[in-house]
Each structure stands twice: as structure tokens, then as C-alpha cells.
Amino acid sequence: MISPSPSALLGGLAVELLCDFEHGLCDWEQSTTDDFDWMLHRRQIFSRRTGPKRDHTKGQCKGQGGRYLYLEASYPRQSGEQAALISPPLRGQKCLIFWYNMFGKHMGSLNVFLKYENSPHWHKLWSVSGNQGRKWLNAEIDILTNGETYRVIIEGVLGLNYQSDAAIDDMQIYRSSCASGWKHRNPSCNRGLKKRNKSHLG
């Protein structure tokens, strides 16, 4: 696992990590102790009445379609199974921002945890469950810590059946509070995260 590189400045905000998943996971990693993995995908998934129609970064732009991560809930997956994505090591106050899609009648849960390097315990920072509709939604999470090195864990939990394909996109970590600079962080057709790939850690 590679430690974060020196922060870049973006719109007055100190950037720890930007990842739109166009070129893989950046320095996020799949957990090796969960039930299955998050999957990279482009455009609409194959299951009916669940999941996004397109990614968040580019899907809103005519003639474009980018990648995102999602949970494939179809057989042989089972209700309650978990998939976890783990950040590189971090330290100090951060703002985590990402976009999520939780469309599906039997949608499960999406959770964000903090885990200190020298502790086995996961501390829940944020959670949402159930069908949230077709649109991509925004999550902003302030991370306040005790000064020790930690990782952020994004965990998806499957619902009752295949209609629980949750998705995430445009993961962003800033060295600031979430209250500042939102207008600089929202990807758009002309100014998406792909143009900032040099800020990726991968």
C-alpha cells in the first residue's frame, strides 16, 4: 500500500486523493476479508430495475459514458454479503466526498467506516439504507481523528435479491472541512475529475 503523495491544490483546497475510476481504483484497494469485490462498469448494468443508467462523472454528458464501481447482487451472491473498498493510509482531518446510486426495490446498505491502523475496530461515520431512487446522490463526510494513521472503508451490503446493485463514483478526499469550496468539487461535462488524474495516487 502506498502512502498519499504530497497534496496538490485544487480551487484553494488541499487534495489528498481524487478518483473517478476511469483508470482503475487509484490507490483504493479491495478488501481480502469480505465476501466479494466491487466491480468496475461502464454505462447501465445488466440487471433490470436496479443500479444506475450511467456513471456520474461523464454519464450526464451527451455521447459520453465513464466508469463507476458497483455491487453485482445477482446469483450466486446472497443477501447480507458485504464488499469493502479500503483507502490508502491517511492522517489528520479530512473531508470525504463521493457520489452514490442506490436504486432498487430491495436495496441493501452503504456504510463508511474509519479504522485506525493499530486497532481492529471499525468506527461508523455514515450510513444509508434502502431504495434512494434513480439519481446519483452526494455524500459529504467530515473526518475528525485522534492524530493516528487510519484508513477509510466504503462497505456495501447486499439486500434481499438482485435488485440491490448499489454504485459509487468520484471519490474525493480533501485536507479541509466539507463546509468549504463545494463549487470546486462537482464534476461536470467540461471539467470532470479525469482532467485531474495527475492528482491520483495510482
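Glu16 is buried, with a relative accessibility of 5%; buried means under 20% relative accessible area, exposed over 50%, and partly exposed in between (1.4 Å probe, protein chains only). This residue belongs to a predicted model, in which local features need pLDDT of at least 70, side-chain atom pairs count only at pLDDT 80 or more, and totals for chains, interfaces and linings use all residues. Residues are numbered from 1 along each chain as its sequence is written, and side-chain values use heavy atoms, with hydrogens and water left out.

**Salt bridges**

The structure holds four salt bridges, a salt bridge being a side-chain nitrogen of Lys or Arg within 4 Å of a carboxyl oxygen of Asp or Glu. Side chains of opposite charge can pair when their charged atoms come close.

Glu16, Lys94 and Arg175 are linked in a network of salt bridges. Strands (E, at least two residues) and helices (H or I, at least four) are DSSP runs, numbered from the N terminus. Lys94 counts as buried because its relative accessible area is 2%. Arg175 is partly exposed, at 49% relative accessibility.

Glu117 is partly exposed, with a relative accessible area of 33%, whereas Arg151 is buried at 16%.

Asn118 is also found in the loop between strand 8 and strand 9. Its relative accessibility is 75%, so Asn118 counts as exposed.

**Nonpolar cores**

A nonpolar core is a set of buried Ala, Val, Leu, Ile, Met, Phe, Trp, Tyr and Cys residues joined through side-chain atoms within 4.5 Å. The largest such core has 36 residues, and those with the most contacts inside it are Trp28, Leu96, Phe98, Leu110, Ile154 and Ile168. Strands that each supply at least two residues of this core include strand 7 (94-101), strand 8 (109-116), strand 11 (150-157) and strand 12 (167-174). Strand 8 gives the most, with four residues.

Contact means heavy atoms within 4.5 Å. Leaving aside neighbours within four places in sequence, the contacts of Ile168 include Phe21, Trp38, Leu85, Phe98, Leu110, Trp136 and Ile154. A second, separate core has six residues, among them Leu18, Ile97, Tyr174 and Cys178.

**Confidence**

The predictor's confidence in each residue is given as pLDDT, from 0 to 100. The protein has a mean pLDDT of 81, and 73% of its residues reach 70 or more. Over residues 1-12, pLDDT stays under 50, and the model has 29 contacts beyond four places in sequence for them. Residues 191-202 also stay under 50 in pLDDT, with 36 contacts beyond four places in sequence.
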